[in-house]
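Here is a short briefing on helices and salt bridges. Look at the structure first, then read the points below.

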Amino acid sequence: HGTILETEPPTQCCLILVTLAATRMTEGGSAKAAKTGGRVTVCSAPGKVMVAGGYVVLERPNAALIAAVSARVYTTVRDMPTSSATKEAGAAKGSVVVEVASPQLGETRAYRYSVNSEGAGVVERLDKAACNPYVEACVVHSLGVAKERGGSLRDVRVTVHGDNSFYSMPKDEVQQRFAPITKGEGGQGGHAAEVQKTGLGSSAALTTSFVASVLAHLGVVELPSIGGAAPSPTRKAAQCLKGDDAIGLVHNTAQYCHCVAQGKIGSGFDIASASFGCCRYTRFTPSLLDASRAMDTSQVNMLVAPGGEMDHQITRWTLPEGISIMVGDVRGGGSSTKSMVSAINKFRKEQAEKADPLWQQVIANNEKVAQCFFKIAEAAAKDPEAYSKALRRREEDDQNEGSRDAEEEKSTDGGASAD
């Protein structure tokens, strides 16, 4: 039982603003405009598959070739209507209340964000829900960056939806979109990061769309949107960024949040794909995002600023027309990336003489794969008609070859029966 996912068209494969508009919110069964204006922002970020570059991408300057897929996480941010409850929850001076809802998990969390005496952003849980490190890191650091850039901090409600392809759903059943997520065997799992997943980068897509929606909602970035230019936010920050700078700020902030949430520094290729779509990616210097280093909001803002210290390298690419990627969900448990990385590192350390040539050959072969895709895409763009003819010829050759194989198999089976 597999899941077939399409790679995204080039205009929609990256982080996108789905909608940003003044809307009505429902309170007590009637439609009323929120007292803060009823502004709603929705951003989505795609999942990923790594075409080439597994493991080697952990070390600079090795690159990975990544494709963004049609599975996406959508994060909605809306102003919360002012009420006695939110006033009381955010009573501390300079603090705001953030509610985070996950309808698929059937849960809502509430936090109070503030800046402590050392200038660092902190959150206080206002309920008894288990810690969700991804959500809490996003709340702390997206609001911290927004504050430093002149964003209009206020009480907000965040709602997260993930496409079904991110999660292992019961097979042979037709699922509604954004179907309820089972929290593992016996209902265990305090949050989406702990449920059974398909490995398409849901936590990275969540982190990226969460950060993007908050920054866009608070007027810090203007992101590309469906159907053309994005409408400007009502309250634009003094340092509002547009275009690649806006995506760059979201990407860098999401990378930092992801490292903090995981308690370690990965390559970041999944955040890169969630932000920029299909890309060739070389990781940042790991020491830059040392999550154990205490930083205040101004230091985090300086670190994640586009064109600053972050030294990753990203080149966008497009999966050529007529070429698809099929992804299969390995049900019953997949592999552990952490244990596999440990095994490879052990092999390289204990059998360096044997491992080093293999490692270098893998790096060289990955680059050949990337160059092949680039050349095909270049040929398709240069002469679309000739490219389409070549695809049709290839398809005909495959069909003819398949027919010959079927005939040979039939002939062989027939002979065996006679014997």
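A residue is called buried under 20% relative accessible area, exposed over 50%, and partly exposed in between (1.4 Å probe, protein chains only). Helices (H or I, at least four residues) and strands (E, at least two) are DSSP runs, numbered from the N terminus. The model is predicted, so local features need pLDDT of at least 70 and side-chain atom pairs count only at pLDDT 80 or more, while totals for chains, interfaces and linings use all residues. Residues are numbered from 1 along each chain as its sequence is written, and side-chain values use heavy atoms, with hydrogens and water left out.

**Helix α4**
- Of the 20 residues of α4, 15 are buried, so the helix is largely enclosed by the rest of the structure.
- G263 follows α4 and has a positive phi, near 70°.

**Salt bridges**
- A salt bridge is a side-chain nitrogen of Lys or Arg within 4 Å of a carboxyl oxygen of Asp or Glu, and by this rule there are 13.
- R348 pairs with E59, with the closest N and O atoms 2.6 Å apart.
- This pair links distant parts of the chain, as R348 is in helix α7 and E59 is in the loop between β4 and β5, 289 residues apart.
- R348 is buried at 18% relative accessibility, whereas E59 is partly exposed at 33%.
- E99 forms a salt bridge with R157, their closest N and O atoms also being 2.6 Å apart.
- E99 sits in strand β6 and R157 in strand β9, so the pair ties together parts 58 residues apart in sequence.
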